[in-house]
Amino acid sequence: MSINHIVTPLDSAILDSKEQYVFYHKMVDFAFKELIVAVQREQICSKIEVQLFKQYCDLLLYSIEAMRVKYMYDDEDNMKVDLTDSGLPNYLEFRYLFNDLELRDEYLGKLTPVETLKEEFLDTLMRKKETISKSKLFQASSIVYYTSVNKQYIFNKFVQGKILEIQDQEDANFLVSWSFYDVSHNRPFICFMYFNYDGKKVNDYRDDIYEVLKTVADRDMSLDTMAYTIDRKLSKVSPKLIKRIDLGPLHNVFAKDEHKVTHAILESIGKKEIPLESYAFSLRVNEVASKSEFKEGSFFSKQTLQRWDEVFKQKYILAPHRIIQLLYNKTPEMMNNLAKAPIEVAGLKIK
């Protein structure tokens, strides 16, 4: 089946041919690299946030590349792409990667030794003048997968960043970041929290901070609720600003969601007004800041808590020039409600 015959159910697409894998992975890789450049160029994030943003995106791309290697020649299993609200791999695919690599040694022990496989390849190509069978190619890709993919670089459901001391924030001395892959949306989110610490060494309280973030800030929820919960559970931490970036959906030929952007792109692809590899990226940035403090509790156990301002919400669309024109024509009201004019990124060309 070629990429021109992609037929998918409403909720998920199964990539079941080499052409589809190549097409899909080129699109995701290209779109995320354009996203990283645009976030920095348009100053959507600060300098230090961009560095952390890139690290989390690199983990995501590393994981998706590992999926490409894993499934390229696998006849039994196929990678699933979420269509409802994402355009990215289903969360379970990341889980499968992690589980595979937990059993790395066991799997490698069952595979044909590399030297034996090399000899078989040479014999087939040079002496028999035949093409390598798909099963043998799958064995080779499995060896590459299990020997080259590092489990610690797989994007997990929750990825914890380090606590950094900062100088350029007026009312906060520390920054901690984290990222999570929300199961309900099948999309990654990247979070930053600027805070002060009421103690001598913040590393003495590090494990408590990490545990609370992993417990209460690992899913999409109301940002002020997240901020309030973190503040209440960490008595020695005074959060001053929490910023959350929602990456996606990636609107493309695989998507089948209810977004106006997706519908506009799919309709135009169907009419052959734009190429099959056309895409757009939605990005949402929500922030909530502390506007004052108050004390709560008894005389002997008072805790200083934050009064939070209203959540500041910004939505961006990143797309090639042709797609921006298309969206202005088909969804003008939505385009006029963005935080800033649509951000132009390069178009993808797949021959």
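**Exercise 1.** In this predicted model, find which residues of helix α7 (residues 206–216) are buried, where they lie around the axis, and what they pack against.

*Solution.*
Step 1. Under 20% relative accessible area counts as buried. In α7, that set consists of I209, Y210, V212, L213 and V216.
Step 2. Viewed down the axis of α7, the buried residues fall within an arc of 165 degrees, so they line one face of the helix.
Step 3. An α-helix has 3.6 residues a turn, so residues three or four places apart point the same way.
Step 4. The partners of the buried residues of α7 are β3 (158–165), β4 (174–182), β5 (187–197), α8 (223–233) and β6.

**Exercise 2.** Classify the aromatic pair of F23 and F254 and state which parts of the chain the pair ties together.

*Solution.*
Step 1. The structure holds 13 aromatic pairs. For F23 and F254, the rings are 6.0 Å apart centre to centre, with 50 degrees between the planes.
Step 2. Stacked needs under 30 degrees and edge-to-face over 60, so the pair is tilted.
Step 3. F23 sits in helix α1 (residues 18–41) and F254 in the loop between β6 (237–251) and α9 (260–270), so the pair links parts 231 residues apart in sequence.
Step 4. F23 and F254 are both buried.

**Exercise 3.** Determine where in the protein chain confidence is lowest and where it is highest among the strands β1 and β10.

*Solution.*
Step 1. The chain averages a pLDDT of 89, and 94% of the residues score at least 70.
Step 2. Confidence is lowest in strand β1 (residues 12–15), with a mean of 60, and highest in strand β10 (residues 343–344), at 98.
Step 3. Over residues 1–11 the pLDDT is below 50. Where pLDDT is low, the predicted coordinates should not be read in detail.

Conventions. Residues numbered from 1 in each chain as written. Predicted model: local features only at pLDDT ≥ 70, side-chain atom pairs only at ≥ 80, totals over all residues. Heavy atoms only, no water. Phe/Tyr/Trp six-rings, centres within 6.5 Å; stacked < 30°, edge-to-face > 60°. Helix = DSSP H or I, 4+ residues; strand = E, 2+ residues; numbered from the N terminus. Buried < 20%, exposed > 50% of the residue type's maximum accessible area, 1.4 Å probe, protein only. Arc of directions from axis to C-beta. Contact = heavy atoms within 4.5 Å. pLDDT = per-residue confidence, 0-100.
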